[in-house]
There are 2 protein chains.
Amino acid sequence: MPNKDGISHCMSGFLQGKHQGKSQLNKSPAIPATTNLTKEVIYTLKQAWRSARKGDKKKATKLFVYAIRMAPRHPDVLNNYGEFLEHEDVIQAEYYYTAALSHYPYHQLALSNRKRTLPLVQQIDRDRLARIAAKRSKFYALPLTDPALIRMKRESYYQHVYHTVAIEGNTMNLQMTRAVIENRIAIGGKSVMEHNEIIGMDEALSYINTTLINKAGLLDVQDILQIHRRVYGFSDPFEAGNYRNSQVYIADHVPPPPGQVAAKMTEFDNWLKSSEARQLHPIELAALAHYKLVHIHPFVDGNGRTARLFMNCILMRAGFPPIIIRVHDRFHYYQYLSQANDGDVRPFMRFIADTTEFTLDEYLNYTSVPAIIELNNARRKKNDDVNTDVTISKESTPKGDDKK
Amino acid sequence: MPNKDGISHCMSGFLQGKHQGKSQLNKSPAIPATTNLTKEVIYTLKQAWRSARKGDKKKATKLFVYAIRMAPRHPDVLNNYGEFLEHEDVIQAEYYYTAALSHYPYHQLALSNRKRTLPLVQQIDRDRLARIAAKRSKFYALPLTDPALIRMKRESYYQHVYHTVAIEGNTMNLQMTRAVIENRIAIGGKSVMEHNEIIGMDEALSYINTTLINKAGLLDVQDILQIHRRVYGFSDPFEAGNYRNSQVYIADHVPPPPGQVAAKMTEFDNWLKSSEARQLHPIELAALAHYKLVHIHPFVDGNGRTARLFMNCILMRAGFPPIIIRVHDRFHYYQYLSQANDGDVRPFMRFIADTTEFTLDEYLNYTSVPAIIELNNARRKKNDDVNTDVTISKESTPKGDDKK
C-alpha cells in the first residue's frame with residue numbers, strides 16, 4: 001500500500017537537510033556529501049509541497065520537475081518527487097525512489113519508501129504480464145483464415161515500415177510507404193534514400209518472416225547482422241551488416257568507441273544465449289535485447305530500425321504479434337531508453353509490454369473471432385461436433401506468416 | 001591493294017562448287033563436306049552477283065545478307081560476300097574471309113583473299129592507332145583550367161551515366177539522370193531501381209576517379225569486384241561484388257556455368273597481369289578486357305556497366321579521356337561483341353578505337369585550346385618566354401580528376 005503519510009515524511013526528510021545547514025549537511029550520513037542543494041532548489045521543493053497541500057497538483061508537478069532539472073542526481077529531490085507521486089502512481093513513485101538510491105544507496109527515506117512500494121510494483125508488473133499472456137492465448141486461437149485477421153496483418157506490415165522509418169525522420173506518409181512497397185515506383189520530390197529506407201525494411205521483414213521466425217535454435221548476433229544488411233543495404237551497401245568504425249553520439253548517450261563494438265556484441269551474443277536471458281519472460285527479453293542493442297549502437301546508422309525488428313523477432317517467436325513503436329510515441333520511447341541508460345530498464349520494459357497489450361487488444365477487438373470463440377464454447381458445452389468450418393485450431397500459431 | 005578481279009574470281013569459286021553438283025561438291029578439297037549449299041542459297045548468290053554487276057549495290061547487299069542468313073557458317077557464302085565488299089570496304093571484306101576460314105581453314109579462295117587483304121587491314125588498323133596517339137598527345141596538352149574542358153568533363157560524367165544505364169533499359173533521360181546525381185531527389189513515376197542504378201554508377205565513378213585511376217600497379221579482378229559492388233550495390237546489396245550462382249543467357253551467347261566463373265575470372269586476372277596483355281596497345285587492352293569480362297559474365301546483372309567502367313579505367317590510366325558507348329549505338333555494340341564471340345574481336349576493338357577517336361575529337365574541337373597551342377607554338381618560334389598564363393603543361397595528365 002502506498003504510504004499515506006508521504007508528505008510529512010518527505011518534508012521532515014527534506015527539512016532535516018535544510019535545518020542542518022550546508023556545513024552540517026555534509027556530515028549527515030543519510031545525505032551524500034557531494035550533492036548539496038542550493039537555496040533555489042530547496043525553495044522550489046517547499047513551494048511544490050505547498051501547492052500539493054493546496055491540491056494544485058499541476059503546479060506541484062511543474063515545480064518538482066523544475067527542481068529535478070536543477071538537481072537531477074540529488075537523492076532528496078528524487079525521493080521527494082517519488083513521495084509526491086506515490087498516491088497517484090506507485091510505479092512512478094518507486095521509479096524515483098530507485099533513482100534516488102542509484103545516486104546514494106544509503107538514503108534512509110528512499111530505502112524505506114522503496115521497501116514499501118517495490119512489492120506493490122512487482123505485483124503490478126506480474127499482473128500485467130499475466131493479463132498479456134491470457135490475451136496471447138486468445139490471439140493464438142484466432143483462425144488464420146479470418147479475413148479481418150488477414151487484413152490486419154497486412155495493414156500492420158505497412159504500418160510497421162511507416163512508423164519505424166518515420167521515427168528516424170523519413171517524411172513519407174503511410175500511403176506513400178505502402179505505394180513504394182507495393183510497386184517500387186518512386187514518389188516525386190522525396191529523396192531516393194527515403195525510398196531505399198522503405199525498401200530495406202521490406203527486405204528485412206521478408207527475411208524475418210521467411211527465415212528468422214522459423215529458425216531452429218536461439219536468435220543471435222549473426223541474425224542481427226543479417227537484419228541490418230537488409231535494413232541498411234539499399235542506403236549504404238558498404239556499411240550494411242558491418243560494425244561502425246567511427247564514434248557516434250545519441251543525444252546524451254555516448255555508445256562505446258568503435259574499437260569496443262565487436263567485443264560488446266560478443267558479450268551481447270553470450271547474454272542472448274545465456275540461461276539468464278532464457279529465463280526471462282519473452283516481453284522482458286525482447287525489451288532488454290532492444291535496449292542492449294541500441295545501447296551498444298553497433299552500426300553507423302539503422303540501429304533503431306534493426307533493434308525494433310530484432311525485438312519483434314523475439315516477440316513473434318514467442319507467439320506474440322509484431323508490435324509497432326508509433327512515431328507519435330517517439331519521445332516517450334526515447335525517454336524510456338534514456339531512463340534505461342540511467343540504470344532502470346523497467347520503464348522501457350513496461351512500455352514494450354503496454355505496446356504489446358495494445359496490439360493484442362487491436363487484434364482481438366477488430367477481428368471477428370471473439371464471436372466465433374463463444375460460438376465454439378457454446379457448442380462444446382452442448383457436446384456438438386466441433387470439427388466444422390468455424391473450428392479454431394488451438395495449435396496454429398501465427399509464426400512464419402504473420403506479416404505480409 | 002584490293003583485288004580488282006574480285007567478282008569473276010568469286011563467281012568461278014562459287015560456280016566450281018555449283019557445277020560439280022552436290023555429290024561431287026562433297027569430295028572437293030576446297031569445300032567443307034558438311035556444309036552443302038541448298039539450291040535456294042545458290043540461286044540467291046547468283047542473283048546477288050547479277051545485281052552487283054548491274055550496279056545495284058543495295059539489292060546485291062540485301063541478297064548476300066539473305067544468303068548468309070540461310071547458310072551463316074558456309075565458307076563459300078562468306079567468301080563471296082567478302083569479295084563483293086572488298087572494293088568498298090577492305091576491312092569488312094577481310095572480316096568475311098576470316099570468318100570463312102574460321103569455318104573451313106583450307107578454303108583456297110578465302111586463303112588467297114585473306115593473304116592479299118590482311119596486310120592492308122593491318123596497315124589501316126596501325127594508322128588508326130597512330131592517328132589516335134597523336135590526338136591523345138594534343139588532349140594531354142589541354143590546360144586543366146580551360147573552362148570549356150572543365151565543362152566538357154562534367155557533361156561527359158552525366159552522359160556516361162545516362163548512356164550506360166539507358167543501354168540496359170533504364171528509362172531516365174539525360175536531364176533526369178543529372179538531377180538524380182546532383183540532388184538525389186526521386187523522379188515521380190520512375191522505378192526506385194532506376195534511381196538506384198544511377199546512384200550506383202555515381203558511386204562507382206567516384207570510386208574510379210578517386211582510387212583506381214591513381215592505383216599503383218596493374219588493375220586486376222579485385223578492382224572489378226569493387227566496381228561492381230558500387231554499380232550494383234544499391235540495386236541488390238547481396239549480389240553486388242559477388243559472382244553469380246546461377247546460369248545466365250545473353251542473346252545467343254551462353255556464358256560459363258556458375259561453377260566455372262571463379263576459375264575463369266582467375267584466368268582473366270592472370271591474363272590482365274600477363275606480359276601479353278601489357279604489350280597490347282591500351283585501346284586493344286581496354287577493348288579486349290571489356291570483351292573477356294562480358295564473355296565470362298561473372299555477375300547476375302550489371303556486367304555491361306562494370307565492363308564499360310573497367311574499360312574506361314584502362315583508357316584513362318593510359319591518358320585517354322573516358323569514352324561513352326551511346327545508347328543509339330547499342331545494336332552495333334552488341335553486334336561487335338557477338339562477332340567477338342564468333343572468334344574475331346577486331347571489329348569490337350575498332351569500334352572502341354573509333355569511339356575513343358570520336359571522344360578525343362570532341363575534346364579537341366570544342367575546347368578553346370587549339371588556338372592556345374598555336375599561340376604557344378608561335379611564341380616558341382619567336383623564342384618568347386612561354387611561362388605565361390597561357391602556358392601548356394605538357395606533363396599534366398587528366399588522370400585522377402578527369403570526371404566530375
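Which residues of chain A does the UniProt annotation "domain: Fido" cover?

**View 1. The annotated span of chain A in the predicted model.** The unreviewed UniProt entry places "domain: Fido" at residues 219–354 of chain A, and such annotations may be inferred rather than shown by experiment. The end C-alpha atoms of this span lie 24 Å apart, and the span is 61% helix and 0% strand, with helices (H or I, at least four residues) and strands (E, at least two) taken as DSSP runs numbered from the N terminus.

**View 2. The contact between chain B and chain A.** With contact meaning heavy atoms within 4.5 Å, 22 residues come from chain B and 22 residues from chain A. The buried area, which is the accessible area (1.4 Å probe) lost on putting two parts together, summed over both, is about 1700 Å², and carbon and sulfur atoms give 71% of that area. In chain B, the residues that lose the most area to chain A are B:Val192, B:Phe234 and B:Phe238, together 35% of what that side buries.

**Modelling note.** In this predicted model, local features need pLDDT of at least 70 and side-chain atom pairs count only at pLDDT 80 or more, while totals for chains, interfaces and linings use all residues. Residues are numbered from 1 along each chain as its sequence is written, chains are lettered from A in the order in which they are written, and side-chain values use heavy atoms, with hydrogens and water left out.
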